[in-house]
Amino acid sequence: MTRTRSLANILKSAAAPALAILVIANFAGYALLGPNGLFAWGDYARLHDQRQVELAQLNEERERLANRVELLNPNSVDPDLADELVRRNTGQIREDEHIVVID
């Protein structure tokens, strides 16, 4: 005996598996294409390399500033640096003069 099912019954029985498939597909899509997904790893590596270069530049700048601070220590100021700063800030450097920075 063949039992005929109505379209409504078929849709009701297929709704739960279809919803489960959509949820799984959504999670799989985010796992592959999302901001933290598999395809974002290349961007993370590129950004890591950029940040390493930027960190090296900032460390060099920090070391340069630390050296400058040490030269401006109130207990033992470097006379050449003090003269350079005073002349530069008071406008006493002529156009034909050049300041040579020796590190």
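What follows is a short chat about this model.

Biologist: What kind of model is it, and what are the ground rules?
Modeller: It is a predicted model, where local features need pLDDT of at least 70, side-chain atom pairs count only at pLDDT 80 or more, and totals for chains, interfaces and linings use all residues. Residues are numbered from 1 along each chain as its sequence is written, and side-chain values use heavy atoms, with hydrogens and water left out.

Biologist: What is the mean pLDDT of the chain?
Modeller: The mean is 85, and 93% of the residues reach 70 or more. pLDDT is the predictor's confidence in each residue, from 0 to 100.

Biologist: Which elements have the lowest and highest mean pLDDT?
Modeller: Helix 3 (residues 79-89) has the lowest, 80, and helix 2 the highest, 91. Helices here are DSSP runs (H or I, at least four residues), numbered from the N terminus.

Biologist: Switching to the surface. Which residues form the nonpolar patch?
Modeller: Leu32, Leu33, Leu38, Phe39, Trp41, Tyr44 and Leu47, with about 770 Å² of accessible area together. Patch residues have over 30% relative accessible area and no salt bridge, and nonpolar side chains (Val, Leu, Ile, Met, Phe, Trp, Tyr) are joined within 5 Å. Areas come from the Shrake-Rupley method with a 1.4 Å probe.

Biologist: Which element gives the largest share of the patch?
Modeller: Helix 2, with three residues.

Biologist: And where is Leu32?
Modeller: In helix 1. Leu32 is partly exposed, because its relative accessibility is 38%. The classes are buried under 20% relative accessible area, exposed over 50%, and partly exposed in between.

Biologist: Now charges. How many salt bridges does the structure hold?
Modeller: Three. A salt bridge is a side-chain nitrogen of Lys or Arg within 4 Å of a carboxyl oxygen of Asp or Glu. Asp43 pairs with Arg46 at 3.8 Å, Glu54 with Arg51 at 3.9 Å, and Glu61 with Arg64 at 2.8 Å.

Biologist: Where do Glu61 and Arg64 lie?
Modeller: Both are in helix 2, three residues apart, about one turn of the helix. An α-helix has 3.6 residues a turn, so residues three or four places apart point the same way.

Biologist: Last one. Which residues of helix 3 are buried?
Modeller: Leu81, Glu84 and Leu85. They sit on the same side of helix 3, because they cover an arc of only 95 degrees around the axis. That arc is taken from the directions from the helix axis to the C-beta atoms.

Definitions and conventions:
Patches are made of residues with over 30% relative accessible area and no salt bridge: like charges are joined within 9 Å, nonpolar side chains (Val, Leu, Ile, Met, Phe, Trp, Tyr) within 5 Å. Helices (H or I, at least four residues) and strands (E, at least two) are DSSP runs, numbered from the N terminus. Buried means under 20% relative accessible area, exposed over 50%, partly exposed in between (1.4 Å probe, protein chains only).
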